[in-house]
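Thanks for coming, everyone. Let me put the structure up, and then we'll walk through it.

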Amino acid sequence: MSRTQNLLLIACFALVAVLSTYTYLAKQNNAVKNNATKWYSQSQVSQGQVLFAGHCAACHGDQGQGAANWMQPDAAGIRPAPPLNGSGHAWHHSLANLTQTIIQGRGAMPAWKNTLTEEEIISTLAWAQSRWPTTIYTAWSKANP
Ligand code: HEC
């Protein structure tokens, strides 16, 4: 083989290596995107936004940021409203679990079962989750498949 043929052969190998790395990374990227596929629809988010502003924002904050001192129970051990925007603990709980908490109420939060339907409650969670950073949403979906 001539020197030129050798160089051509090396160039071909390099091209194949680059192309297969590229395909591999593209596949990885798609896998990440698929993981981030959400369970809720845009119409649930829109409905939830209105309901959240009307029923939940007074305690949980208009952006779902929670009470400023949410980690500090008061003297009687009552906890302030936690964030629902992904910066609190809500992502540790399954959708069913969060829905039940809202239906039944907990601590200083009243029960919502006589005010909102289950479907409406789920839409408030859709809105709250639409504010979660992708890393939090992905961690939540992995923990609650
Ligand atoms: C009167 C104030 C108040 C209102 C109004 C309120 N909450 Fe809460 N919420 C709380 C408090 C306080 C807690 C924490 C209860 C505890 O753990 O002791 C809580 C907890 C929660 C949790 C559990 C979060 C977690 O990390 O486990 C969810 C979910 C939730 N609220 C959603 C809602 C939604 C949705 C609405 C509107 C339909 C709403 N809340 C209205 C005060 C309120």
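Start with the ligand. Helices α3 (57-60) and α4 (95-104) each supply at least two residues of the shell around the ligand. By helices I mean DSSP runs of H or I, at least four residues, numbered from the N terminus; strands are runs of E, at least two. Around the ligand there are 24 residues, and C56, C59, G107, A108 and M109 come nearest. A residue is near a molecule if its C-beta atom, placed from the backbone, lies within 6 Å of it. The shell divides into 14 nonpolar, eight polar and two charged residues. Here Ala, Val, Leu, Ile, Met, Phe, Trp, Tyr, Cys and Pro count as nonpolar, Asp, Glu, Lys and Arg as charged, and the others, Gly among them, as polar.

A word on the source. This is a predicted model: local features need pLDDT of at least 70, side-chain atom pairs count only at pLDDT 80 or more, and totals for chains, interfaces and linings use all residues. Residues are numbered from 1 along each chain as its sequence is written.

Now the chain as a whole. It has six helices and zero strands. Buried residues make up 19% of its 145 residues. Buried means 20 or more other C-beta atoms within 10 Å of a residue's own, exposed means 12 or fewer, and partly exposed is in between, with C-beta atoms placed from the backbone.

Next, a helix pair. How do α2 and α5 pack? Helix α2 (residues 42-55) and helix α5 (residues 118-130) meet at an angle of about 100°, with axes 7 Å apart. That makes α2 roughly perpendicular to α5, a label for angles of 65 to 115 degrees. The axes are lines fitted to C-alpha atoms over the stretch in contact, and angles run from 0 to 180 degrees between N-to-C directions. The residues of this contact divide into seven nonpolar, seven polar and one charged.

On to the core. The largest nonpolar core has 16 residues, and I121, L125 and A128 touch the most other members. Such a core is a set of buried Ala, Val, Leu, Ile, Met, Phe, Trp, Tyr and Cys residues joined through C-beta atoms within 7 Å. Helix α5 gives the most to this core, with six residues.

Last stop: W39. It sits in the loop between α1 (3-35) and α2. Buried or partly exposed? W39 counts as partly exposed because it has 13 C-beta neighbours inside 10 Å.

Notes:
Angles under 35 degrees count as roughly parallel, over 145 as roughly antiparallel, 65 to 115 as roughly perpendicular and the rest as oblique.
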